[in-house]
Amino acid sequence: MNRQIMTGSLLCLIASMSWGAMFPVSHIALQQVNPLYFSFLRYFSVTLILIVLLWLKEGRAAFRFEGKGKTLLFFGTMGFTIYNMAVFQGQHAMGAAGTIVASIMEVLMPMISIAMIWVMTRKMPPKYTLISMMIALAGAILVITNGKWAFFTLAGQHLLPLLLIFVGVIGWVVYSMGGSHFAGWSTLRYSTLTCLLGTLVSFVVVATASAFNWVAVPDWQHVWSVKYEMSFMILLPGLAALLSWNAGIRMLSPLNGILFINFVPITTLVLMYFQGYTISHFELYGTLLVIFALLLNNMVQRSSLRTSDSPRRMRFRLDRRKSFQR
């Protein structure tokens with residue numbers, strides 16, 4: 001196997017499994033630290049590490065915004081404020097069930113991206129993509145409702161947490177699309193500057209919430225009590241996953257790399273099982289449906305690309321034969 005393929009696969013696997021482990025670990029930490037402060041403290045540490053790395057690798061010039069400050073601020077806010085605070089707040093509000101729900105929402109990111117592009121370009125995606133989206137939606141509903149129709153009669157209790165998680169996931173999708181606006185920048189530079197600005201916005205949020213007594217400032221003992229969970233969240237899902245995923249996608253291409261996101265709910269389910277959480281058949285089957293939908297969409301997409309590419313290859317071969325005969 002090509003070394004680049006092996007390296008890219010390993011990087012995407014590290015990122016996906018880190019994100020899958022993020023939710024069970026954060027469930028423990030959120031029992032001690034408010035989700036808003038948890039999100040801010042996590043990425044405050046990640047930002048400091050990224051700043052040091054960027055300074056050492058690219059120097060002072062890499063911190064210039066080059067007239068793109070507002071764009072960086074927007075994408076940083078979507079990725080590191082909206083996503084983190086909304087997802088963890090929603091997960092915490094739903095209790096133990098919120099762990100798997102948040103994980104499933106992560107896996108729906110490719111489908112959400114397709115839907116957003118559909119709305120923005122007004123171009124309907126292929127039929128196989130629409131079918132995959134419907135299957136993924138059915139799987140997500142199975143997980144969210146846990147197969148209980150009574151969920152819909154009590155939707156008011158779950159609507160706000162679900163909405164928060166969904167908004168957060170959309171925030172990360174928007175952030176991921178933002179990288180195309182900085183094609184000439186390195187992955188480290190884009191990650192560092194957006195994380196820095198997003199963390200500053202997060203600070204404004206927690207400072208305002210505390211000033212109006214909406215959220216209590218966590219004391220040092222509570223923060224220290226989750227030092228191991230916080231260290232994990234900073235180093236793996238926060239730092240390593242961010243850089244590994246972006247680097248792995250460049251090596252494999254989005255079409256190949258996106259398959260690894262299937263490891264997110266698998267990792268989450270395995271860790272939840274070892275934590276003592278009883279996984280229902282509905283949660284398991286729903287997760288498998290979502291994974292199947294993503295695999296189906298990717299396999300058909302590959303097949304269609306090969307089919308459309310075959311005439312080009314045929315023309316190339318004919319041209320070569322003609323040139324050889326001459």
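## Exercises on a predicted model

Leaving out neighbours within four places in sequence, Glu 229 touches Val 25, Ile 28 and Ala 29, where contact means heavy atoms within 4.5 Å. This is a predicted model, in which local features need pLDDT of at least 70, side-chain atom pairs count only at pLDDT 80 or more, and totals for chains, interfaces and linings use all residues. Residues are numbered from 1 along each chain as its sequence is written, and side-chain values use heavy atoms, with hydrogens and water left out.

**Exercise 1.** Find the helix that holds Glu 229, then look for its nearest side chain of opposite charge.

*Solution.* Start with the location: Glu 229 sits in helix 11 (residues 227-252). Helices (H or I, at least four residues) are DSSP runs, numbered from the N terminus. Next, look at the charges: Lys and Arg count as positive, Asp and Glu as negative, while His and the chain ends are not counted. The nearest side chain of opposite charge belongs to Lys 227, 7.5 Å away. A salt bridge needs a side-chain nitrogen of Lys or Arg within 4 Å of a carboxyl oxygen of Asp or Glu. Glu 229 has no salt bridge, yet is buried (buried is under 20% relative accessible area, exposed over 50%, partly exposed in between; 1.4 Å probe, protein chains only).

**Exercise 2.** Search the whole structure for salt bridges and say which parts of the chain are linked.

*Solution.* Side chains of opposite charge can pair when their charged atoms come close. The search gives one salt bridge. Its partners are Arg 189 and Glu 66, at 3.0 Å from N to O. Now place them: Arg 189 is in helix 9, and Glu 66 is in the loop between helix 2 (35-58) and helix 3 (69-94), so this pair, 123 residues apart, links distant parts of the chain. Finally, check the cover: Arg 189 counts as buried because its relative accessibility is 8%.

**Exercise 3.** Decide whether Cys 12 and Cys 195 are buried or exposed, and count the disulfides.

*Solution.* Take Cys 12 first: its relative accessibility is 0%, so Cys 12 is buried. Cys 195 is also buried, because its relative accessible area is 0%. For the count, a disulfide is a pair of cysteine sulfur atoms within 2.5 Å. The whole structure has zero disulfides.

**Exercise 4.** Describe where Ala 207 lies and how exposed Ala 207 is.

*Solution.* First, the helix: Ala 207 belongs to helix 9 (residues 187-211). Then, the surface: Ala 207 is partly exposed because its relative accessibility is 34%.

How values were computed:
Helix = DSSP H or I, 4+ residues; strand = E, 2+ residues; numbered from the N terminus.
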